[in-house]
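I opened this notebook to record what I looked up in one model. The entries follow the order in which I took up each topic.

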Amino acid sequence: MISARLAPWLGALGLGAGGGIILNSTKEQEGEHIVLAASVPSRQQQVAALSTSRPNQPFDLLVIGGGATGSGIAVDAATRGLSTALIEREDFGSGTSSRSTKLVHGGVRYLEKAVFNLDVGQLKLVYEALQERRDLLDNAPHLTSTLPILMPCYKWWEVPFYWAGLKAYDLIAGTRNLAWSRYLAPSESLRRLPTLAENSHDGRSLKGTVSVADCVDCQLC
């Protein structure tokens, strides 16, 4: 749903087979107060609005697909003053966006590739993902929340391996770090996550877990 405070600048027109929430807003200046009026146009009104495009006066941008990416592009373009049209074959957010986990990680999996493959490009992805995660938390704190993750270790070497790797990840994150990773004993791990398997499929016992706050549970879509 689009915030009403974006309404005065929103020029995006939406058209989906299943319908959608579109803001058609006006603003009136009354002294020092701005009054916003928002209404949801009918499908006929949306079709009519889309048909206003002419060769000599086309839309600045046509976005095909009303999922998380398409909707975000449309809103961003509209807030920049572009005349934007958004079309969707089905209902808004009914495709891939409805099936995603809504989890946003900070790029920890890229760090392993950067180290073992000596790949600078993968390291850059870590920094980029960390910044995107931080921006998401700052821009939409009411729609995001930190999600702790437990990495189970069933072999003794996995404990120092994951602990050292995630500590390096903490240092790289710097001020963008959500929480310091730490080792949890088997008893504490099972207390926090009772469904965690005490033994692996090959019979190895749980040696503990490494807790990391890497993912963000995002409800933007």
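The entries below go from the whole chain to single residues.

**Entry 1. Basis.** I worked from a predicted model, in which local features need pLDDT of at least 70 and side-chain atom pairs count only at pLDDT 80 or more, while totals for chains, interfaces and linings use all residues. I numbered residues from 1 along each chain as its sequence is written, and side-chain values use heavy atoms, with hydrogens and water left out.

**Entry 2. Whole chain.** I looked up the secondary structure and found six helices and nine strands in the protein chain; these are DSSP runs numbered from the N terminus, helices being H or I of at least four residues and strands E of at least two. I noted that 30% of the 221 residues are buried. Here buried means under 20% relative accessible area, exposed over 50%, and partly exposed in between, with a 1.4 Å probe and protein chains only. The chain exposes about 13800 Å², of which carbon and sulfur atoms supply 57%; the areas come from the Shrake-Rupley method with a 1.4 Å probe, and for residues only the protein chains shown count as cover. Among contacts with a separation of 6 or more, 63% are between residues 24 or more positions apart, a contact being heavy atoms within 4.5 Å.

**Entry 3. Salt bridges.** I recorded seven salt bridges in the structure, each defined as a side-chain nitrogen of Lys or Arg within 4 Å of a carboxyl oxygen of Asp or Glu. As a general point, side chains of opposite charge can pair when their charged atoms come close.

I found R80 paired with D76 at 2.7 Å, N to O. R80 is exposed at 62% relative accessible area, whereas D76 is partly exposed at 37%.

In the bridge between R204 and D202, the closest N and O atoms are 3.2 Å apart. R204 is partly exposed at 40% relative accessibility, and D202 is partly exposed at 44%.

I also listed E188, R191 and R192, which are linked in a network of salt bridges.

The bridge between D214 and R133 has its closest N and O atoms 3.2 Å apart. This pair links distant parts of the chain, with D214 in strand β9 (residues 208-218) and R133 in helix α4, 81 residues apart. Both D214 and R133 are buried.

**Entry 4. V216.** I stayed with strand β9, where V216 is found. Is V216 buried or exposed? V216 is buried, with a relative accessible area of 0%. Leaving aside neighbours within four places in sequence, the contacts of V216 include R133 and L137, as well as K102, L103 and V104. I also checked P148, which lies 68 residues from V216 along the chain, and found their C-alpha atoms separated by 8.7 Å.

**Entry 5. Nonpolar patch.** I looked up the surface patch formed by V115, F116, W157 and F161, which together have about 440 Å² of accessible area. Patches consist of residues with over 30% relative accessible area and no salt bridge, like charges being joined within 9 Å and nonpolar side chains (Val, Leu, Ile, Met, Phe, Trp, Tyr) within 5 Å. F116 is in helix α3 and is exposed, with a relative accessible area of 56%.

**Entry 6. L118.** I placed L118 in the loop between α3 (108-116) and α4 (120-139). L118 is not a glycine, yet its phi is positive, at about 50°. L118 is exposed, with a relative accessible area of 74%.
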